[in-house]
Amino acid sequence: MSDFGDRAKRAVVVAGAILLCGAVVVITLAVVLTQVGGGSSHGGDPISLPPLRYTPSSLKPHQNILEEAPLAKLSQKQVNAVRDAIAPSGPAATNSVALTRVMYGTPRANGRPSRASALLCRPVKPKGTLYSDPLPVLVFFPGTRSDPRQSVANDEKIQILETKLCVYLASLRYAVVTPDYLGFGDSPPPHLYIHADTLASASRDALAAALGVMEDSRDAWNRRLFLVGYSEGGYAAMATLKLLETAHADVPVTGAAPMAGPFDLSGTFLNFVLRDRKLPRPYHIPLFLYSYNHVYHLWNRSSEIFQQPWAAHFDDWFTFERAIPTGRIPDTPSTFLREDVLVPLLVSKRGRLYEVLVANDL
């Protein structure tokens, strides 16, 4: 069997082994698509495209790279220790991995330029050099985080689950890009939770910067690009796919696996999440409302949306500058949302907030 076929079998094993947010995540679905997409009657490489030693021009990679720096390097033995922690039944790592911290420029919701950070993980040859063979690129989108201090681009001790996933996938010979998103890492607050435009643009620009770093290192990209995410990461993956398909026709997207994201905000999200029921993670609701208020100016005072005393508490908790005390938030939305906010949303489907949700449907 070809090397591609072997890697596909390894990816299938990993798919059943990784847990994220309490659910089994087929995080390597995109990796499997790398090998089976297109098909081949002769074995070997199923997609015959020449490698790219340049980045698609519409991404303009060298215009947004602000800084790059080595973050860490893990030996094959160390990567296998990471694998044992997240996917013990998965295949052994086949390479050492080099982690690079990438700082890049990207616009905020108001169009003003901002700094953002991303992590680039690449396989390393046994002698310590990067691969010159063409590599597929996989963008991994982190899920919902309640602490803005969490940053994959600064995780040199490899403590965050998303960092571990990226390291392990890179050891199977993929260049893996993970954006911190605006508001995390070295980017100033706020993080605009499930805001389609900024999640997509920040992720696109992270990809562009990472491809620019690869180009500068003489790494070749084999024109296979995969987008994979779960929860907010699933939403970000879908938003980025939409942006690439509509505004960057020269960027080939081979496959995408956007999982468990709130894609239908004005429909499914409203009907399921905002009904009078207990939620396992109720902090998501004030998180997205405070995020949207930064963009759409939904209220002058939070008491226009939330009941007291929760309005005063939320003003203190949802500053986007420190960790959210998730365990202190009531698990039933009707406990903290005003009735005159819930009724227009759930019954008549009208109002400024409903229009904002429609604008962010994917």
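Okay, ground rules before the tour. What you see is a predicted model, where local features need pLDDT of at least 70, side-chain atom pairs count only at pLDDT 80 or more, and totals for chains, interfaces and linings use all residues. Residues are numbered from 1 along each chain as its sequence is written, and side-chain values use heavy atoms, with hydrogens and water left out.

So how confident is the predictor? The mean pLDDT, which is the predictor's confidence in each residue from 0 to 100, is 84 for the protein, and 81% of the residues reach 70 or more. Over residues 1-54, though, the pLDDT is below 50, and that stretch has 100 contacts in the model beyond near neighbours in sequence. A contact here means heavy atoms within 4.5 Å.

Now the sheet. Helices (H or I, at least four residues) and strands (E, at least two) are DSSP runs, numbered from the N terminus. There are 7 strands in an open sheet with mixed pairing, and the order is β3-β4-β5-β7-β6-β8-β9. At the edges stand β3 (65-74) and β9 (255-259), each with a single partner strand, so one side of each has no neighbour in the sheet. On average, neighbouring strands are turned by 20 degrees against each other, direction ignored.

Let's zoom in on one pair. Strands pair if DSSP finds at least two bridges between them; β6 (residues 135-141) and β7 (residues 175-179) have 3 bridges and run in the parallel sense.

Helix α5 (residues 196-216) lies across β3, β4, β5 (113-124), β6, β7 and β8 (221-230), and runs at about 130 degrees to β4. Those angles are taken between N-to-C directions, from 0 to 180 degrees, with axes as lines fitted to C-alpha atoms, for helices over the stretch in contact.

On a 1 Å grid over the protein atoms alone, a cavity is a set of points where a 1.4 Å probe fits but cannot get out, a pocket is an open set with protein on both sides within 12 Å along at least five of seven lines, and lining residues have an atom within 4 Å of a point. A volume is the space filled by probe spheres set on the points, which are joined across faces, edges and corners.

The largest pocket holds about 690 Å³. It is lined by 27 residues, and closest to its centre are Tyr193, Ser231, Ala260, Arg281 and His284. Which helix gives the most to that lining? That would be α7, with 4 residues; α7 (265-273) and α8 (284-296) each supply at least two.

There are also 3 cavities of 30 Å³ or more in the whole structure. About 100 Å³ lies in the largest cavity, and 14 residues line it, with Pro148, His191, Leu287, Phe320 and Ile324 nearest its centre.

Last, the backbone. The Pro189 to Pro190 peptide bond is cis, with omega near 5 degrees, and Pro190 sits in the loop between β7 and α5. Gln308 and Pro309 are also joined by a cis bond, omega about 5 degrees.
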